[in-house]
Amino acid sequence: MIELREFDFPAGNYYRLVLRRLAVRYGWFFVYGCSVTGALALLAGYVGLLLMWVVITGVLFPLSAFFTAWKFVYAKENAAVLQKRKLTFDPPTFHILCEDGAESRVPLTQISRVETWHGYYLLYITKHNYIPVPMSAFVSEDDRQRFEAEVTAGKWKKPTFVKHVAIYLLITAALLAAGYSLGHRIEIVECPSVQENGTQRMGEP
């Protein structure tokens, strides 16, 4: 059995974590959208429209994320997340006791994956719902190591940042190559060099 000290999850940390998840979940769609839209706008010659779209989206997207995160953190149904609590890991379940007296037992098998974030373990019990556990709440380093060996083993989330960067670079390289190729062809077609009677004439009507 592994018993943790009583701890809480400050609203500021909760806000930053929710904001991070929003950025990860929707930020790459914004980046991909800018890349594809930018390439198409440049090829079509609508540079002004592209700049306006990027500026408007670049302002609205962060503001929307900040407001959504704030509304989520301070919603009544999420108030329990900010309460002080005690956790006890006693296989095959772990026990949660909140300061308002509410308690629950969750099977360890329900933990689908684990992440670390700024001194916290995030234990995901569904795809989007997690239980934050501060590393400082463990009574000893031995308890923390036992927790990693017995509770989180084989459940660590694989990083996706490198995958997203690789995809983004591949898309960008492909768009740049397509744009350069098409632009080169347009230049050849629109600016022919005509040799006639020993005089070079450039693109006469």
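Helices here are DSSP runs of H or I with at least four residues, numbered from the N terminus. Helix α2 is one of these, covering residues 47–73. The model is predicted.

Start on that helix. Val59 lies in α2. Its relative accessible area is 47%, so Val59 counts as partly exposed; the range for that class lies between 20% and 50%. Together with Leu63 and Phe66, Val59 makes a nonpolar patch of about 290 Å².

Now turn to the aromatic rings. A pair of aromatic rings is described by the distance of the centres and the angle of the planes. The structure holds 12 aromatic pairs. One of them joins Tyr121 and Phe138: the ring centres are 6.0 Å apart and the planes meet at 85°, so this pair is edge-to-face. The cut-off for that label is an angle over 60 degrees.

Where do the two residues sit? Tyr121 belongs to strand β6, residues 120–124, while Phe138 is in the loop between β7 (130–134) and α3 (141–150). The pair therefore ties together parts that are 17 residues apart in sequence.

Are these two residues buried or exposed? Tyr121 has 0% relative accessibility, so Tyr121 counts as buried. Phe138 is at 4%, and therefore counts as buried too. Buried means under 20%.

Other rings form a group. Phe9, Tyr14, Phe72, Trp117 and Tyr120 are linked by ring pairs into a cluster.

Arg113 lies over the face of Tyr124, 3.8 Å from the ring centre.

Methods
Residues numbered from 1 in each chain as written. Predicted model: local features only at pLDDT ≥ 70, side-chain atom pairs only at ≥ 80, totals over all residues. Heavy atoms only, no water. Phe/Tyr/Trp six-rings, centres within 6.5 Å; stacked < 30°, edge-to-face > 60°. Helix = DSSP H or I, 4+ residues; strand = E, 2+ residues; numbered from the N terminus. Buried < 20%, exposed > 50% of the residue type's maximum accessible area, 1.4 Å probe, protein only. Lys NZ or Arg CZ within 6 Å of the ring centre and 35° of its normal. Patch = residues over 30% accessible without salt bridge, like charges linked within 9 Å, V, L, I, M, F, W, Y side chains within 5 Å. Areas by Shrake-Rupley, 256 points an atom, 1.4 Å probe, with all protein chains shown as cover. Salt bridge = Lys/Arg side-chain N within 4 Å of Asp/Glu carboxyl O.
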